Every structure is written in C-alpha cells, then in structure tokens.
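User: Can you walk me through this model? Keep it quick.

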Amino acid sequence: GKKTISEIKNPMGRKKGLPEFEESAPDGFDPENPYKDPVAMVEMREHIVREKWIHIEKAKILREKVKWCYRVEGVNHYQKCRHLVQQYLDATRGVGWGKDHRPISLHGPKPVAVEEAE
C-alpha cells in the first residue's frame, strides 16, 4: 500500500516531541506491603528516581543562577542575590541519594521475630 507522509518522514512510527511519563505514583503500589506487586514496586522506584532527578536538576539550575548573580552584582551580591541563595538552599535540603531520604517503607528495619520465653 501507499505510505502516508508521516510514515515517510518518521519511519519508526514514533511520536515526535517529548517522551510521555506518568506524572503520579503508580496506582497498585502498597507501601505497607511493597513486594506484593513487583511491577508496581519497580514503577514506584522509577517514579522516586525520576522525582529525585527533577529536584537535583532544579537545584543545579538555581546554582547557576546564583553564580551568574554573584558575577553580575559584584560587591552587592549579599543584598541583590539573597532571594536566589534562599531558593537554592531550600532546593538542596533533602535532595540526594542518601538512605535517610527514602520513604521508610522502602528501607525500614526488618521485622524481627520475637521468641517466647519458656
């Protein structure tokens, strides 16, 4: 058969533009029992990782704005760049890959079986 113009321009059949991501957390994930649905657990992990990368990149952008402001303002940077520095500090709090910043459901202590005394 004949090919459409879009098939000729884009032979792989992919949509042009940005990739589509699910913005919210997966529906089937149960934080009380994360291993119940392995697919939902992996989707939740990917969601958390994606959100962390977004926060990290936002902090990098703010850092570049602070650097630029410091260079432009010179000796007045304490007054003129204060709002940017505050935004940057707020953006960097709680951002990173440390275990402390993960939800407790994903790294909490393992439940220990209590033995009965005889």
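Analyst: Helices (H or I, at least four residues) and strands (E, at least two) are DSSP runs, numbered from the N terminus. This is a predicted model: local features need pLDDT of at least 70, side-chain atom pairs count only at pLDDT 80 or more, and totals for chains, interfaces and linings use all residues. Residues are numbered from 1 along each chain as its sequence is written, and side-chain values use heavy atoms, with hydrogens and water left out.

User: How many helices and strands does the chain have?

Analyst: 5 helices and 0 strands. The order from the N terminus is α-α-α-α-α.

User: What about H2, how far does it reach?

Analyst: Helix H2 covers residues 38-73, 36 residues in all. From first C-alpha to last it reaches 52 Å, close to the 52 Å expected at 1.5 Å a residue. That expected span is 1.5 Å times one less than the number of residues.

User: Which residues of H2 are buried?

Analyst: Among them are Met 41, His 47, Ile 48, Lys 52 and Cys 69. Buried means under 20% relative accessible area, exposed over 50%, partly exposed in between (1.4 Å probe, protein chains only). Over the chain's 118 residues, 18% are buried.

User: What happens just after H2?

Analyst: Gly 74 takes a positive phi of about 60° there.

User: New topic: His 77. Why does it count as buried?

Analyst: Because its relative accessibility is 16%. His 77 sits in helix H3, residues 77-80.

User: And what does His 77 touch?

Analyst: Tyr 70 and Arg 82, leaving out residues up to four places away in sequence. Contact means heavy atoms within 4.5 Å.
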